[in-house]
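This note concerns the salt bridges of the structure shown here. Please read the points alongside the sequence and the coordinates.

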Amino acid sequence: TALFWRAETQRRNKAAAAAERDYAEIVNKHPESAERETALKQMALLRGEQNDNAGMAAHYEKLLADYPKSSTRAEAHHWIGWAAYETKNYRKAMEHLIESRKLDSDKYFESDSLRLIYCCYNLNNPDDFWKYVQEYQPKGKTKIAADVLRWCAQHFSQAKTPAKAEPVLV
């Protein structure tokens, strides 16, 4: 529609507020529009560009609620998980990071695996921590902080499960 293309032109011209108004009109006043799903995604991306992580996550959550089979599900879960991680809502972050990795492992394995590992660390959950470390280490590109690995090893040593503690430190 003309409204969608006007919003796209405004977005490309860095007129974020005007673009968002047009996208919002599509979302709110034209629920049957073929561009509604894309408008929701663009609204989320605009909020992300403005460092409004809560707004970005809210738009992605609406996209997932309204379009559960969307082709952008992995992206939506990634950014919702990222925003939750940034606000230290680690349980919510884990739910979405797990889903984004499942939906598009090629794109999200590296970044979301690391966030999952650090979520487990921050939630004091060494069992899940160790599970995600084991998944990550064979193909991950980034080293996990040694002090975080020592935390896990110390937990398993104190829990009298040294067989789990030793490989953490290798």
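The numbered points below take up individual ion pairs in turn.

1. The model is predicted. With a salt bridge taken as a side-chain nitrogen of Lys or Arg within 4 Å of a carboxyl oxygen of Asp or Glu, the count comes to 12 salt bridges.

2. Arginine 12 pairs with glutamate 8, and their closest N and O atoms are 3.7 Å apart. Both residues belong to helix α1 (residues 2–12), where a spacing of 4 residues amounts to about one turn of the helix. Glutamate 8 has a relative accessible area of 7% and is buried, because buried means under 20%. A network of salt bridges links Glu8, Arg11 and Arg12.

3. Which parts of the chain does the bridge between glutamate 75 and lysine 41 tie together? The N to O distance in this salt bridge is 3.5 Å. Glutamate 75 is part of helix α5 (residues 73–86) and lysine 41 is part of helix α3 (residues 36–49), so the pair ties together parts that lie 34 residues apart in sequence. Glutamate 75 is buried, at 14% relative accessibility.

4. Lysine 62 and aspartate 66 form a salt bridge in which the closest N and O atoms are 2.9 Å apart. The two residues are 4 residues apart in helix α4 (residues 53–66), a separation of about one helical turn. Are these side chains buried or partly exposed? Lysine 62 is partly exposed, at 36% relative accessibility, and aspartate 66 is also partly exposed, at 31%.

Terms used:
Residues are numbered from 1 along each chain as its sequence is written. This is a predicted model: local features need pLDDT of at least 70, side-chain atom pairs count only at pLDDT 80 or more; totals for chains, interfaces and linings use all residues. Side-chain values use heavy atoms; hydrogens and water are left out. Buried means under 20% relative accessible area, exposed over 50%, partly exposed in between (1.4 Å probe, protein chains only).
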